[in-house]
Amino acid sequence: MAGIVVAEVRPQRLSAEISAPGEVVQNAYATSKVTPRIPAQVLERHARLGDKVQLAEPLVSLTSVEMAAAQGDLLVATREWQRVSKLGQPVVSEKRFVQARVSYQQAKSRVSAYGMSEQQLAEFLRSRDPAKANGRFQLLATQPGTVLADRFIVGELIQPGTTLYTISNESLLWVEAKLTPLEAQWVRVGSVATVRTSGRTFTGRVVQVHHALDRATRTLGVRIELANIDDQLHAGLFVQVSIHSIKSTHGLFVPLNAVLRSADGDWQVFVEKQAGEFAPVEVALLQTIGNMAQISGVEAGTRLVTNGAFFVQSELAKAGFEVHNH
């Protein structure tokens, strides 16, 4: 009979699963914010929301009075250091030599700290052009990823620390699940987790178990890391999580769809009495773990229907006699 699979039921040990709601969140370890370090005005936007950017790719051009002053100081300090170093210590005093060198290093470090990259700084110094001390500079992407936020407009005056861009590598995301303290004690870092949403299933691993209870929900957070295959997951998505716990159970397990309700509401499986003949046997459903059900009421080694039980039940109900697997 097509679709019917019969197998011996044998004792086995399965890890219990803990189910909980969860939410997809950004991987904070793969996310960065781009902010100015000095007051600046936005001149030009180079990257937009949703863009894929590479490391060191220009994101935005800014101009700043403080940067202009720092650039001017650097040009002056650079020329003085070049003059002094060319003359050498036999000609100039040690104090002037050290002073010129320190002034140059401090001016260079200030421009770098204000936001100019090493490449921008090198190009600025090579030009030796005082007209280039105009306060213009670019902020670059500090990592490859997707632009998730760009909260500014061209011409806006930006204060230090204001987030202009949020960039994240979405290939690895986190799911935050909320467990009771009793459930959390059975979860360890490295535990396998299954995440389900909209008919799709993803597999990940527990990377962190929080140590402080959420004051509002009195639950413990469990963080799961998983690969974002084909960019199907996005932050803010609610999911259902099943985590394999370290607590295991030994017993008789059968596929969940092998156990059905009888007409009077009892659980039953369909045992093969002899080749091709099946009969319902009442069992107790002790627990479910994933897609497996732990049962009692049959002996180890019993051959029963593990696939196609619904068809067997339907045929028995219609015919009123045993189904023969011809």
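A polar contact is a pair of N or O atoms within 3.5 Å, where, within protein, one must be able to donate a hydrogen and the other to accept it, and residues adjacent in sequence count only if both atoms are side-chain atoms. The model is predicted, so that local features need pLDDT of at least 70 and side-chain atom pairs count only at pLDDT 80 or more, while totals for chains, interfaces and linings use all residues. Residues are numbered from 1 along each chain as its sequence is written, and side-chain values use heavy atoms, with hydrogens and water left out.

Such a polar contact, at 2.8 Å, joins the side chains of threonine 146 and lysine 52. Threonine 146 lies in strand β8, strands being DSSP runs (E, at least two residues) numbered from the N terminus, and has a relative accessible area of 7%, which means that threonine 146 is buried (under 20% relative accessible area, 1.4 Å probe, protein chains only).

Glutamate 170 sits in the loop between β10 (165-168) and β11 (172-179). Although buried, glutamate 170 has no salt bridge, and the nearest side chain of opposite charge, lysine 52, is 4.6 Å away; a salt bridge requires a side-chain nitrogen of Lys or Arg within 4 Å of a carboxyl oxygen of Asp or Glu. Residues touched by glutamate 170 include Thr146, Asp231 and His234 (heavy atoms within 4.5 Å).

Conventions:
Helices (H or I, at least four residues) and strands (E, at least two) are DSSP runs, numbered from the N terminus. Buried means under 20% relative accessible area, exposed over 50%, partly exposed in between (1.4 Å probe, protein chains only). Lys and Arg count as positive and Asp and Glu as negative; His and the chain ends are not counted. Lists of a residue's contacts leave out its neighbours within four places in sequence.
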